[in-house]
Amino acid sequence: MLKLYGKYFSIHLKSTMQYKGSFFATLIGSFLTSFTVFLGISFMFQRFHKVAEFSYEEVLLCYGIMLMGFSVAQMFASGFKVFDSMIANGEFDRILCRPRNEIFQVLAYRIDFIRVGMLLQGIVMLVYGLASCYVDWNFSRVITVIFMAVGGCVLFSALFLLDGSIAFFTLQGLEFMNVFTYGAIEHGKYPLSIYGKGMLTFCTFVIPYALVQYYPLTYVLGRSDNPLFIFLPLLACLFVVPCWIVWRIGVRRYKSTGS
Amino acid sequence: MKKYLAFFRLRFTMGLQYRAAALGGLVCQFFWGAMYILSMKAFYDTDPAAFPMTFPAAASYIWLQQALLTLVSMGGIDNEFFNVIQNGNVAYELCRPVDVYGMWFTRSAATRVANALLRCVPVLAVAALLPAPYGMAAPPDLPAFLLFLVSLTLALGVVTAIGMIVYMITFHTITPRGVRLIAVGICDFFSGNIVPLPFFPEGFRQFSELLPFSSTANVPIRIYTGDLAGREMVVLMLMQVFWIVALVGVGKLLEWKELKTVVVQGG
């Protein structure tokens, strides 16, 4: 399976590289999109110096980690973003005919390399945040940061999976699902506690953004020493399960659109 | 003039057909606005003295920005013309006995107006019902509201003219994705879509106000919230007029150059 994915990967890379000018223009555009958000944060902190109890460096650390997870998810799970068109044009019928898992094939259908621009931005902010944050680094804190990035990636991939699954029932992607993906990364640049108690509760129990962001972040920054917070991002990965169930139900009752 | 009015009306009624899409967009914009205001509130609570406007004005700013998103932001650009350039149907457009620039300009402006009409009324209605500091407030007085409408029309002209230049560049690159992303990124930032211009550091704000991008959403919304008045307002509105003239000029020049060497893609 991994070998096959490697083949798909190199095919996608080759086809992207056929249009180098377009690829680099899009890469710059993708970088610019997240870079302007970063500039916006800088401007706000030049004026206010901190938000709630978080400093500029801490917010950059938080945004950097989130952006890394998000951009990796966007790069590899982008097949689900175009899944409604795959149903509409009959591509999914072809997938069902092939002797491989459907999720695997959708993942292999599209790899969006331009997200590297966003990933780069995430890495730069993470490194800057790490260097300037006055965190007393030890093994458990490093592990926590890694868990946060991985958990964020899995959580966003699960949301893309859910977004795609909904197309089984509506035949067209629902724009409001963007709130949970693009909206979450846009507003997840600040630690979620600044949005108030109600929002934090929602982001803990309904869609577990806070489990990969706010709680482990307080552990990394030394605001909390609850060792449980290290493993919360892994708990958030369980969000894949309900999304996968929705997908299974969708596949089971799938009727071809006939085109 | 009559034919341009016909193009406008046609595109406008077509835009009104997509009601379900508008409803989805509406939910998005409402969430987006609410989260944005909550983050502004967090900054305000941290240091009220550093806040460059009153908090209710900031809330009005954000709601108005969400309501007018498809009207005066780069993201509302009409994707139809990108497809036309990419799949070769541009040949049909060139066959028509009208000037391409004028035709595309009116049609993309009509798309913006239709999309905005569907979306802005519900967003503004809900925002007006919200409790005091979070909701949408009334404009300072009637003249300010009328000036807001004038400036909004000018902003529509500026953003459509920028969009026309983006189309003309797409004639060159064929694939629109990169050009579109870059244009949206730059325009969103300098029009105060990410952080309102009054929050920019001094110096950088003055620099941004010289650019055509700030002549879009930035000016009318700030007139409405009462942040912009007097001499400064007049200067910025004159800048809007200047940019319409200049950008249409550049756009027409590019059109003339590109159409001389246009390649029809596909069949």
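Colleague: Where does Leu155(A) lie, and why does Leu155(A) count as buried?

Modeller: Leu155(A) belongs to helix α8 of chain A, which runs over residues 139–170; helices (H or I, at least four residues) and strands (E, at least two) are DSSP runs, numbered from the N terminus. A residue is called buried if 20 or more other C-beta atoms lie within 10 Å of its own, exposed if 12 or fewer, and partly exposed in between, with the C-beta atoms placed from the backbone. Leu155(A) has 29 C-beta neighbours inside 10 Å, and therefore it counts as buried.

Colleague: What kind of model are these values taken from, and how are its residues numbered?

Modeller: This is a predicted model, in which local features need pLDDT of at least 70 and side-chain atom pairs count only at pLDDT 80 or more, whereas totals for chains, interfaces and linings use all residues. Residues are numbered from 1 along each chain as its sequence is written, while chains are lettered from A and ligands numbered from 1 in the order in which they are written.

Colleague: Which residues does Leu155(A) touch, leaving aside those up to four places away in sequence?

Modeller: With that exclusion, Leu155(A) touches Pro208(A), Val212(A), Ala236(A) and Phe239(A), where a contact means that the two C-beta atoms, placed from the backbone, lie within 7 Å. Val241(A) stands 86 residues from Leu155(A) along the chain, and their C-alpha atoms are separated by 11 Å.

Colleague: Why does Leu130(A) count as partly exposed?

Modeller: Leu130(A), in helix α7 (residues 116–132) of chain A, has 18 C-beta neighbours inside 10 Å, a count that falls between the two cut-offs, and so it is partly exposed. Its C-alpha atom is separated by 34 Å from that of Ser22(A), 108 residues away along the chain.

Colleague: What is the phi of His49(A), and what is the phi of Ala52(A)?

Modeller: Most residues other than glycine have a negative phi. His49(A), in the loop between α2 and β1 of chain A, has a positive phi near 65 degrees, and Ala52(A), in the loop between β1 and β2 (54–55) of chain A, has a positive phi of about 50 degrees. His49(A) is called exposed because it has 12 C-beta neighbours inside 10 Å, whereas Ala52(A), with 13 other C-beta atoms within 10 Å, is partly exposed.

Colleague: What makes chain A as compact as a globular protein of its length?

Modeller: Chain A has 14 helices and two strands. Its radius of gyration is 19 Å, close to the 18 Å that the globule rule gives for 259 residues, so chain A is as compact as a globular protein of that length; the radius is taken over C-alpha atoms, and the rule is 2.2 Å times the number of residues to the power 0.38. Of the 259 residues of chain A, 44% count as buried.

Colleague: How many helices and strands are there in chain B, and how does its radius of gyration stand against the value for a compact globule?

Modeller: Chain B has 12 helices and zero strands. For 267 residues a compact globule would have a radius of gyration near 18 Å, and the 19 Å of chain B agrees with this. In chain B, 45% of the 267 residues count as buried.

Colleague: How many residues of the two chains are in contact with each other?

Modeller: In chain A, 33 residues are in contact with 31 residues of chain B. The largest share of that side of chain A, 17 residues, comes from α2(A). The residues on this side divide into 18 nonpolar, 12 polar and three charged, where Ala, Val, Leu, Ile, Met, Phe, Trp, Tyr, Cys and Pro count as nonpolar, Asp, Glu, Lys and Arg as charged, and the others, Gly among them, as polar. For the complex, the predictor gives an ipTM of 0.87 and a pTM of 0.88.
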